[in-house]
Amino acid sequence: MFSLYNLKKILYYINRVLSSDCVLITKKNKKGLEKTTDFKKSIGSYRFTEDSLFIHLKTGQGSEIPALRADSLMELVDKNQIFNITRLRFLDETLREL
């Protein structure tokens, strides 16, 4: 669990990352080459409730919207922090639960 100071710091960095114009993440592809991709289109909405962050991630949309793992996104916030990430549900393109 976070102390109050750490929680405010983490919330600040989360807001900073998620509200930016682009979310660049560098990954190695299958050939071992590094590729930097903007994942901003992969992030739907996000909100904070008490001490939890809820993010709608868009996946499976092809090359226009690249697949983004929640842990990769949270590494941008703090590489040294282990976040407790729970997938709540899957939604289709009309936001109906699968």
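This briefing walks through one predicted protein chain, from its overall layout to a handful of individual residues. The chain has two helices and four strands, and from the N terminus on these elements run α-β-β-β-β-α. Here helices (H or I, at least four residues) and strands (E, at least two) are DSSP runs, numbered from the N terminus. Residues are numbered from 1 along each chain as its sequence is written, and side-chain values use heavy atoms, with hydrogens and water left out. Because this is a predicted model, local features need pLDDT of at least 70 and side-chain atom pairs count only at pLDDT 80 or more, while totals for chains, interfaces and linings use all residues.

**Confidence**

- The average pLDDT of the chain is 83, and 91% of the residues score at least 70; pLDDT is the predictor's confidence in each residue, from 0 to 100.
- Strand 2 (residues 34–38) has the highest confidence, at 91, and helix 1 the lowest, at a mean of 80.

**Overall dimensions, surface and charge**

- The C-alpha trace spans about 40 × 35 × 25 Å along its principal axes.
- Of the 98 residues in the chain, 19% are buried. Buried means under 20% relative accessible area, exposed over 50%, and partly exposed in between (1.4 Å probe, protein chains only).
- Among contacts between residues at least 6 apart in sequence, 39% join residues at least 24 apart; a contact means heavy atoms within 4.5 Å.
- There are 17 positive and 12 negative side chains, and the centres of the two sets lie 4 Å apart. Lys and Arg count as positive and Asp and Glu as negative, with His and the chain ends not counted; each charge is placed at NZ of Lys, CZ of Arg, CG of Asp or CD of Glu.

**The largest nonpolar core**

- This core holds 13 residues, of which I14, I43, L68, L73 and V77 touch the most other members. A nonpolar core is a set of buried Ala, Val, Leu, Ile, Met, Phe, Trp, Tyr and Cys residues joined through side-chain atoms within 4.5 Å.
- Helix 1 (4–18) and helix 2 (70–77) are the elements that give two or more residues to this core, and helix 1 supplies the largest share, four residues.
- Leaving aside neighbours within four places in sequence, I14 is in contact with F48, L53, M74 and V77.
- In soluble globular proteins, nonpolar side chains tend to be buried together.

**Residues in the helices and strands**

- S72 sits in helix 2 and counts as buried because its relative accessibility is 14%. Not counting residues up to four places away in sequence, S72 touches I25 and K27.
- L24 belongs to strand 1 and is partly exposed because its relative accessible area is 47%. Beyond four places in sequence, L24 touches T36, T37, D38 and L76.
- L24 and K35 are eleven residues apart in sequence, and their C-alpha atoms are 10.0 Å apart in space.
- Y46 lies in strand 3 (residues 43–49) and is partly exposed, at 28% relative accessibility. Not counting residues up to four places away, Y46 has contacts that include N15, L18 and S19, as well as L53, F54 and I55.
- The C-alpha atoms of Y46 and L57, eleven residues apart along the chain, are separated by 9.0 Å.

**Residues in the loops**

- D21 is found in the loop between helix 1 and strand 1 (24–28), and D21 counts as exposed because its relative accessible area is 75%.
- Setting aside residues up to four places away in sequence, D21 touches D38 and K40.
- T59 is in the loop between strand 4 (52–57) and helix 2, and is partly exposed at 42% relative accessibility.
- T59 touches A67 and L68, not counting residues up to four places away in sequence.
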